Amino acid sequence: MPGYEQDCIPFHRSPWEYQPSLYLNGILLGIFGVSMIANLIQGVAFKTWSFMAAMVLGCIFEVVGYVGRILAHDDMEASDPFLIQICCLTLAPAFLAAGIYLCLSRIVVVFGADISRIPPKGYTYIFVACDFISLILQGAGGGIASVAANNNESSQTGTNIMLAGLGFQVFTLTLFMGLCAEYGWRVYQRAKSGAQLDAVHAKLRASKRFRLFLVALSVSTICIFIRSIFRVVELAEGWDGALMANQTLFFILEGVMVAVSVLVLNVFHPGWCFSDGYHTGKKSSTNKAISSYHGSSEVELQPTGNNTHQPPLMASDYLSRSS
């Protein structure tokens with residue numbers, strides 16, 4: 001059948017154009033394993049439940065994906081390791097992107113919700129919904145392609161659906177970065193005009209940790225964006241394309257990009273960075289009510305600025321919920 005080999009995952013021979021490196025894949029497996037454990041510990045310590053769930057799920061998929069690549073090192077003819085790594089490593093960054101998206105609404109609150117064109121919760125709803133659509137498309141496409149390949153049929157339909165999911169992920173990340181830049185410009189214009197930003201979070205905004213977190217979030221987003229563009233181009237070339245046969249580019253533009261993305265948010269974890277502008281305060285009846293509302297008994301962290309009329313906030317309030 002003309003063009004069949006380009007349309008089908010090549011299970012009539014080894015699906016690999018190279019022998020997966022045991023050393024390189026082992027390094028990446030270790031990095032994502034450590035990041036997963038760190039995210040679990042940090043998430044429990046800072047009670048950033050939603051962020052923790054997204055990052056841990058992403059790391060789990062990365063770990064399973066690199067286990068598949070390691071298994072293929074000694075058995076390049078087997079189809080299962082190839083399918084495991086294709087599906088898991090394709091899906092993993094969608095979960096990591098969700099963690100990134102959750103941060104924007106909290107950043108908007110810190111600088112001033114009134115400056116934004118979109119309500120803080122709106123960012124979460126928009127981008128998590130888009131990420132879910134991307135995840136469904138990629139997962140469905142991967143499943144269809146895998147079934148077709150195992151039946152020695154053309155996997156082009158599934159590949160096209162995966163490609164649509166990856167393309168939508170690139171679109172979502174582009175929109176996210178655009179809205180971040182637009183909001184940053186509006187904050188700059190507000191500050192330049194001499195108008196006050198959100199007074200309650202002034203100390204937090206001035207903290208070094210919070211500023212480093214903004215840099216880390218930017219780096220993480222750009223890394224996921226670069227990786228997503230690479231995977232779109234790679235998949236668009238087909239299963240026999242030049243990029244599919246280049247292990248070095250895969251290691252750099254897939255493995256290293258995603259590893260940097262998760263590690264910078266381990267080092268500058270939002271729970272740690274957001275808490276820098278607060279100090280532990282004595283519980284009051286108001287504090288207890290807030291703690292009860294969040295189903296938590298942890299000691300609250302109160303603003304240290306002059307706006308004592310504002311209700312105290314917990315560091316976990318920023319990232320423990322999905323809105």
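This report describes the helix packing and selected local features of a predicted model.

## Basis of the model

Residues are numbered from 1 along each chain as its sequence is written, and side-chain values use heavy atoms, with hydrogens and water left out. Because the model is predicted, local features need pLDDT of at least 70 and side-chain atom pairs count only at pLDDT 80 or more, whereas totals for chains, interfaces and linings use all residues.

## Overall architecture

The chain has 11 helices and two strands, taken as DSSP runs numbered from the N terminus (helices H or I, at least four residues; strands E, at least two). Their order along the sequence is α-α-α-α-α-α-α-α-α-α-β-α-β.

Of the 323 residues in the chain, 50% are buried (under 20% relative accessible area, with a 1.4 Å probe and protein chains only). Among contacts (heavy atoms within 4.5 Å) with a separation of 6 or more, 78% join residues 24 or more positions apart.

## Helix pairs

The axes of helix H3 (residues 49-74) and helix H4 (residues 79-111) come within 7 Å and cross at roughly 160°; axes are lines fitted to C-alpha atoms over the stretch in contact, with angles from 0 to 180 degrees between N-to-C directions. H3 is therefore roughly antiparallel to H4 (an angle over 145 degrees). Their crossing is left-handed, meaning that the near helix is turned anticlockwise from the far one by less than a right angle. The residues of this contact comprise 22 nonpolar, six polar and two charged; Ala, Val, Leu, Ile, Met, Phe, Trp, Tyr, Cys and Pro count as nonpolar, Asp, Glu, Lys and Arg as charged, and the others, Gly among them, as polar.

For helix H2 (residues 22-46) and helix H9 (residues 247-267), the axes come within 10 Å and cross at roughly 20°. H2 is thus roughly parallel to H9 (an angle under 35 degrees), and the crossing of H2 and H9 is left-handed. Contributors from H2 include Leu-24, Ile-31 and Phe-32, and those from H9 include Phe-251, Val-258 and Leu-263. The contact of H2 with H9 involves 11 nonpolar, seven polar and no charged residues.

Met-244 lies in the loop between helix H8 (208-237) and H9 and is buried, with a relative accessible area of 12%. Leaving aside neighbours within four places in sequence, Met-244 is in contact with Glu-17, Tyr-18, Glu-234, Leu-235, Gly-238 and Trp-239.

Helix H6 (residues 156-192) has 37 residues and reaches 53 Å from its first C-alpha to its last, close to the 54 Å expected at 1.5 Å a residue; the expected span is 1.5 Å times one less than the number of residues. Just after H6, Gly-194 takes a positive phi of about 90°.

Technical notes: Parallel < 35°, antiparallel > 145°, perpendicular 65-115°, else oblique.
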